[in-house]
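Q: I am new to this structure. Could you walk me through how to read it?

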Amino acid sequence: MTFSLALHVLLALAVVVVSGRLFGRLVRALGQPPVIGEVLSGILLGPSLVGLVFPAGEAFLFPPEVRPPLAVVAQAGVVLYMFIVGLEFDRSLLKRRASSLIVTSQASIAVPFLFGCALAWWIHDAFAPDGVSRLLFALFMGVAMSITAFPVLARILTDRGMTRSELGVAALTCAAINDVMAWCLLALVVGAARAMPNGAVPGELVIAFALGVAIPHQSRFAQSVVQWLNGIVTILLLPAFFALTGLRTQIALVSTAEEWMVCVLIVLLATAGKFGGAALAGRLMGMPWRFAAQLGALMNTRGLMELVVLNVGLDAGLITPTVFTMMVIMALVTTALTAPMLDALTPRRT
């Protein structure tokens, strides 16, 4: 990398970091997790806004030669983030209320998975990439709609002081089981496609998460690594991933009435599948209705993990840029719905 190119990459990183922090603070003031603002910032810096109203600005900030180094930074950020998530994961959560939470978690995967497969089967001819079979397209869409963002969920619970509450422990346990199952399914689907992505490979992410989980989260080593890496990853490296996702997201690609109808259907089915699947399963396992519904609302959180999965699918050629954009919109909407749904389901203290 030449000196001028290195400076240009640093300039692009500085812009996405500052913009992401500003938008993150803005949405946090509105009661939303900062990841919503950070992703929106990346989208607005890309062709959806800056590239639309000021093409020269986008071309200057993100020329073709800057994007490969930015992709390397983004990949490193996601891999290290998964390692941190693994380090912070408390394995003892899986031992509490194991049977009911395992059933609830699996239902929150199975129902949106089936909804996603059914929708993808129906829209395959109009929206799938050339050469991707109906089955592979349906399987990937099913997996993508089954994701729960463990890190974002943990952030929401931390901000609300709920990590040690009964609901918080149940949600974290279900999300942890959910993520492991979803990554295994994703690896199988991408492997079946015989196409590995050019960016973050599912195996790298699973290995990073597994390595983190293997280290006791209360050990001095784990706490030191988290303290040392957390700021670097969340402030510097992950914004590059959000910016790269934003550059790939073109809202203008969703332009026709049919495309917006499919986008709305994706949001509705993803929400109904996650919320309904978890809430009904929780109730069948003996949870009170309100508790089960609150758990369903939390399981509908997607955010970062959804974006990782979508980038994997786009790199592997399993979805088109148009479907990628629709699914990014779904990830943002469902994550943004978490807080208001939880507030609506939580009784007010008098």
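A: Let us start with burial: a residue is buried under 20% relative accessible area, exposed over 50%, and partly exposed in between, using a 1.4 Å probe and protein chains only. Here, 56% of the 350 residues of the protein count as buried. Bear in mind that this is a predicted model, where local features need pLDDT of at least 70, side-chain atom pairs count only at pLDDT 80 or more, and totals for chains, interfaces and linings use all residues. Residues are numbered from 1 along each chain as its sequence is written, and side-chain values use heavy atoms, leaving out hydrogens and water.

Q: How many helices and strands does the protein have?

A: Both are DSSP runs numbered from the N terminus: helices are H or I with at least four residues, strands are E with at least two. This protein has 15 helices and zero strands.

Q: Why is helix 13 described as largely enclosed?

A: Helix 13 spans residues 289-299, and nine of its 11 residues are buried, so the rest of the structure largely encloses it. Among them are Phe291, Leu295 and Met299.

Q: Is Asp159 buried, partly exposed or exposed?

A: Asp159 counts as partly exposed because its relative accessibility is 40%. Asp159 lies in helix 8, residues 150-159.

Q: Where does helix 15 bend?

A: A bend is the angle between axes fitted to the seven residues ending at a residue and the seven starting there. Helix 15 bends by about 30° at Thr338, with Pro340 following within four residues.
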